[in-house]
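Please view the sequence and structure below before turning to the notes.

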Amino acid sequence: MNTILTYLSENWQRLKLEKYGTPAKLSSVILTPGFQASSHLIVFVLNKGQQAPFLVVKLPRISGDHHRLDLEAESLRRLHASKSGGYDSVPRVVAYEDWKDYRLLVETMVQGQIMRPPLIRKQTETCIQAAFNWLQEINQNTAVCAYKIENWFEKLAINSFAALENSFPLLPEEQQLIDQTRQLIEPLRLAKIPLVFEHGDFSSPNLMLANNTDLGVVDWELAEQHGLPTADFIFFLTYIAFCKENATKQPQQVKAFQNAFFNHENPGWAMPHLRKYCKKLEIPEELLKPLFVLAWTRYVANMISRLKGETGSSSMLSAETTAWLRKNRFYLLWQYTVKQFDKIA
C-alpha cells in the first residue's frame with residue numbers, strides 16, 4: 001500500500017526505525033480481516049526479498065471510525081507499563097497519529113508460528129502450557145482486587161445484559177436464558193476476585209508460538225484493563241477443543257465444547273487446567289461456574305457491540321445480522337452453557 005510506505009519513508013528517522021535498515025526497499029502486504037465486525041485494515045511491512053514483516057500498520061476501514069484503534073493503542077501502552085521493560089511477547093506502539101486522511105497505528109511485529117489447528121493438534125500440551133504461563137505472568141503483573149474498582153460488576157456484567165436485551169427482538173427462550181444468566185452470575189457481585197488485563201479474543205490468529213515454549217499475543221483492540229479472570233483462558237481452551245476434535249461445523253463444535261468442560265459421559269478434560277489457573281489466582285472454586293457463564297455472556301455482548309459499530313448502543317441489529325448472530329457458534333455456546341450449568345464439570 002503506497003500510502004503506508006510513503007508515510008514510513010518520510011518519517012523513518014523521526015520514528016527511530018533505522019535499526020530496520022533504510023526505507024529504500026520497503027514492501028507491504030495488506031490484509032482485510034474476515035470477521036464481519038472487524039473495523040480496520042492491516043498492512044504488514046517488510047523489506048523486499050524477505051518473508052518476515054517487521055512492522056504492522058493498522059488503519060480504519062472507514063475514515064473517522066478509529067474507536068477500536070484508540071483502545072488498542074491505549075491498551076498496549078498500559079500493558080507494557082505494568083512491567084519494567086515491557087513485554088517482548090506483545091507489540092509495542094511505534095506511532096499512533098493522523099497522517100493526511102488516515103489514522104495510523106504502527107506496531108512492532110511479534111514473531112512466531114501462528115497457533116493454527118495443525119500446530120495445536122501436533123503440540124497440544126505445549127500450546128496449553130505456553131498460554132497458561134503467559135496468562136499467569138500478565139495476571140500477576142496487572143491483577144487488582146475487584147472491590148477497588150468502582151462499579152466493576154455493572155461494567156463487566158450488567159452492561160452485557162443491556163447489549164443482549166436491547167439489540168434485537170428477543171425470542172421467549174432467549175429472554176428466559178438471559179434471566180437465568182442473571183441469577184447464575186449473582187454470586188460474583190460481592191466476590192473478592194482479582195480483575196486482570198483481559199485480551200478479549202485469545203485464540204488464532206492472535207496467538208503465536210516461538211521457540212516451542214513462548215507465546216506471542218497480538219490484536220489488542222478488544223482488551224479490557226480491569227477484565228474478567230478466566231475469560232481469556234476459557235476462550236483459549238475452547239479453541240483448543242475445536243482443534244483437538246477437528247470441529248469445523250457447529251454440531252461438532254458444541255460436542256467438542258461439551259467434551260472439554262462438561263460432565264456427561266466423562267469429566268471435561270479442560271477443567272483441570274482451568275482449576276489450576278483459578279488456584280494460582282486464589283479464586284475460590286465455587287466461583288468458577290459463575291465466571292464461566294459470565295465469560296460467555298460478555299463475549300457475546302462484546303460481539304454484538306462490534307456488530308453495531310459506530311451506530312451506538314441504542315441501535316438495533318438488522319434482521320439479517322440478527323439471523324447471523326443466532327447461528328454464530330459463540331452465541332450457541334453461551335446458550336449451551338446456561339442450559340447445562342449444572343453439568344459444568
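Helix 6 (residues 172-185) and helix 12 (residues 329-339) pack with their axes 10 Å apart, at an angle of about 60 degrees. The model is a predicted one, in which local features need pLDDT of at least 70, side-chain atom pairs count only at pLDDT 80 or more, and totals for chains, interfaces and linings use all residues. Residues are numbered from 1 along each chain as its sequence is written, and side-chain values use heavy atoms, with hydrogens and water left out. Helices (H or I, at least four residues) and strands (E, at least two) are DSSP runs, numbered from the N terminus.

**Helix 6 and helix 12**

- Axes are lines fitted to C-alpha atoms, for helices over the stretch in contact, and angles between N-to-C directions run from 0 to 180 degrees.
- Helix 6 and helix 12 are therefore oblique to each other; angles under 35 degrees count as roughly parallel, over 145 as roughly antiparallel, 65 to 115 as roughly perpendicular and the rest as oblique.
- From helix 6, Glu-173, Glu-174, Leu-177, Ile-178, Gln-180, Thr-181 and Leu-184 meet Tyr-331, Trp-334, Gln-335, Val-338 and Lys-339 of helix 12; contact means heavy atoms within 4.5 Å.
- Six nonpolar, three polar and three charged residues make up the contact of helix 6 with helix 12. Ala, Val, Leu, Ile, Met, Phe, Trp, Tyr, Cys and Pro count as nonpolar, Asp, Glu, Lys and Arg as charged, and the others, Gly among them, as polar.

- Helix 7 packs against helix 8 (residues 250-261) at an angle of about 120 degrees, and their axes are 9 Å apart.
- Helix 7 and helix 8 are therefore oblique to each other, and their crossing is right-handed.
- Ile-234, Leu-237, Thr-238, Ala-241 and Phe-242 of helix 7 meet Gln-253, Ala-256, Phe-257, Ala-260 and Phe-261 of helix 8.
- The contact of helix 7 with helix 8 has eight nonpolar residues, two polar and no charged.
- Ile-240 lies in helix 7 (residues 231-244) and is buried, with a relative accessible area of 0% (buried means under 20% relative accessible area, exposed over 50%, partly exposed in between, with a 1.4 Å probe and protein chains only).
- Leaving aside residues up to four places away in sequence, Ile-240 touches Ile-120, Thr-124, Ile-128 and Trp-269.
- Between Ile-240 and Thr-32 there are 25 Å in space, C-alpha to C-alpha, and the two are 208 residues apart in sequence.

- Three strands in the order 6-9-10 form an open sheet with antiparallel pairing; two strands pair if DSSP finds at least two bridges between them.
- Strand 6 and strand 10 stand at the edges, each with a single partner strand, so one side of each has no neighbour in the sheet.
- Helix 4 (residues 124-142) packs on this sheet and touches strand 9 and strand 10; the helix direction makes about 65 degrees with that of strand 10.
- Strand 6 (residues 113-114) and strand 9 (residues 207-210) run antiparallel and are joined by two bridges, with Met-208 in strand 9 as the bridge partner of Ile-114.
- Strand 9 pairs with strand 10 (residues 214-217) in the antiparallel sense over four bridges, and Met-208 has Gly-216 as its bridge partner in strand 10.
- The hairpin of strand 9 and strand 10 has three residues between the strands, and Asn-211 in the turn has a positive phi of about 55 degrees.

**Strand 5 and its partners**

- Six of the seven residues of strand 5 (residues 102-108) are buried, so described as mostly covered.
- Strand 3 (residues 55-60) pairs with strand 5 in the antiparallel sense over four bridges, and Lys-58 stands opposite Leu-105 in strand 5.
- Strand 4 (residues 93-99) and strand 5 run antiparallel, joined by six bridges; Val-93 stands opposite Glu-107 in strand 5.
- Two residues separate the strands in the hairpin of strand 4 and strand 5, where Lys-100 takes a positive phi near 55 degrees.

Technical notes:
A crossing is left-handed if the near helix is turned anticlockwise from the far one by less than a right angle, and right-handed if clockwise.
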